[in-house]
Amino acid sequence: MNEIHILWIDDEIDLLKPHILFLENKNYKVSTATNGVDALDAIDQTRHDVVFLDENMPGLTGLETLVKIKEIRPNLPVIMITKSEEENLMEEAIGNQITDYLIKPLNPNQVLLSLKKNLDHSRLVSEQTTSNYQQEFRKIAMEMAMVNSYEEWITLYKKLVYWELQLENINDSGMLEILESQKQEANSQFFRFIKKNYKDLLNNNELLFSHNLFRKVVVPILQKKSTLLIVMDNIRYDQFRMMESTINTYYKKIKEYDYYSILPTATQYSRNAIFSGLTPLEMEKQHPQYWKNDHEEGGKNLFEHEFLTAQLKRLGLNSKHEYYKITNLYKGKHLADNFQKIKGNDLTVVVVNFVDMLSHSKTELEVIKELASDDKAYRSLTLSWFKNSPLLEMIKKAQNMGLQLILTTDHGTINTQNPTRILGPKEISSNLRYKTGRSLSYIEKDVYAVNNPKEIGLPQTAINASFVFAKEDLFFAYPNNYNHFVKYYRNTYQHGGISLEEMIIPCATYEPR
């Protein structure tokens, strides 16, 4: 540990000699000043790591000295020492950004604890977090070898996300690399699990998937109280975790329903499934006027409101509902400014497309590539947007209106790193993480191939047309112009395939605080 330099300011500094000797024996360097003027000169001329400041001094008072210290060195930690516990004095000191305060008479260990808490905190947390993950690493590896169910994969993935966020906070690149290798191994095993079990999982009505989420989660809440359902397109579990502390200011979480997106993990399939309460195959059969397959012209998500209305009718719910899709800042602000108009609705649905646009912009815009260069930056950018978004304004107003809140997404996304070759006819679908069409040629070990799409609830777009889903962090690349294609799409955020990040996604219910 580098030597910590303390400046102790007190007009009775001689009486503090025992404390100073105690700290010096603990390898702290202590300088002293007996008044505010000398202290300010010392701070101006010498680097200090922390200041102990007596509140009651002749001349410049402690609070006056504090103000001037912050003018010179705004980020210098100041620990106020006082004989008084008057509330207004403490409020003024805290308002002027003291780091901590101690009450006289001082105890040596009390002084030491304050230093460790405020200066060594990051180091101590870092060391403990690293130690804890090292112990957990082996447990996760053992769990990974045995995990073999829908629920166990959700638990394991949430544990990996927890440690990713913990290690990110302490910025331990070595531990993060180890965790990243664990995530890669987990995705490899998760792919094998999905490839083997997806058909049976999808047909198990006890499990939560996109097409039964509304019936199982939203309807029971809607029947009790007016509800705001927010569907944020393309939100991963780690991004959701980052936003939670802001949401928790206004809403208390009741229950978390982590669930699986259907395949393909793409908006036209998974989000339409949420609103229709049907698999894509059922949508094509029951609502051919609304459903469009990949090769058909036109928007693929233009009828979510119609799908929702049909589902409510099918479920026998005569609920007054409205649907809004936010695709730009203007639409978001307009709805937030006029949010009172939803009063009286049983159900209000807001679909927010920002994060999906962000992930696509990373592919196309150099400035977004810089701002979202990796998962940590991607999370940070998402959080920054959320804290300043019209969506948060809507959440605040919904709290004041006493609405129940359900927050979810349609699928996640993964940072694609490695190409896998594919060949097919001109009408092959364009998504980089899944393909559908006839006569597809691909590397078998890299994909989950489904020759009879109807078995997993998907329409067959043509005779002999199949679906293939890319595993882990792969993306499909055509042999023509291969190197340019790979360079353009590597390290971009894509969805549609099979990974923990794309398939295991959050849904949480809240009540107003």
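Which element gives the most to the lining of the second largest pocket?

Author: Happy to walk you through it, and please keep in mind that this is a predicted model. The answer is α8, which contributes six residues to the lining of the second largest pocket. That pocket has a volume of about 510 Å³. It is lined by 22 residues, and those closest to its centre are Glu164, Glu180, Lys183, Asp374 and Asp375. The elements that give two or more residues to this lining are α7 (150-170), α8 (173-202), α17 (375-387) and β12 (414-416). By residue type, the lining of the second largest pocket divides into 13 charged, seven polar and two nonpolar residues.

Now for some places beyond the pocket, starting with a helix. In α14, which spans residues 329-337, the residues Gly332, Leu335 and Ala336 are buried. These three cover an arc of only 100 degrees around the axis, so they sit on the same side of α14. The buried residues of α14 pack against β9 (321-326), β10 (347-352) and α18 (390-400). On the face of α14 turned away from that buried side you will find the exposed residues Tyr330 and Asp337.

Thr246 belongs to helix α10, residues 237-247. Thr246 counts as buried because its relative accessibility is 11%, below the 20% cut-off. Apart from neighbours within four places in sequence, Thr246 is in contact with Leu383, Phe386, Lys387 and Leu392.

Thr34, by contrast, is found in the loop between β2 (28-33) and α2 (36-45). With a relative accessibility of 39%, Thr34 counts as partly exposed. Its side chain is joined to that of Asn35 by a polar contact of 3.4 Å. Not counting residues up to four places away in sequence, Thr34 touches Asp10, Asp11, Ile13 and Met57. For a sense of scale, take Thr34 and Ile443: they are 409 residues apart in sequence, and their C-alpha atoms are 77 Å apart in space.

Notes: Residues are numbered from 1 along each chain as its sequence is written. This is a predicted model: local features need pLDDT of at least 70, side-chain atom pairs count only at pLDDT 80 or more; totals for chains, interfaces and linings use all residues. Side-chain values use heavy atoms; hydrogens and water are left out. Helices (H or I, at least four residues) and strands (E, at least two) are DSSP runs, numbered from the N terminus. Buried means under 20% relative accessible area, exposed over 50%, partly exposed in between (1.4 Å probe, protein chains only). Contact means heavy atoms within 4.5 Å. A polar contact is a pair of N or O atoms within 3.5 Å; within protein, one must be able to donate a hydrogen and the other to accept it, and residues adjacent in sequence count only if both atoms are side-chain atoms. On a 1 Å grid over the protein atoms alone, a cavity is a set of points where a 1.4 Å probe fits but cannot get out, and a pocket is an open set with protein on both sides within 12 Å along at least five of seven lines; lining residues have an atom within 4 Å of a point. Grid points are joined across faces, edges and corners, and a volume is the space filled by probe spheres set on the points. Ala, Val, Leu, Ile, Met, Phe, Trp, Tyr, Cys and Pro count as nonpolar, Asp, Glu, Lys and Arg as charged, and the others, Gly among them, as polar. The arc is that of the directions from the helix axis to the C-beta atoms.
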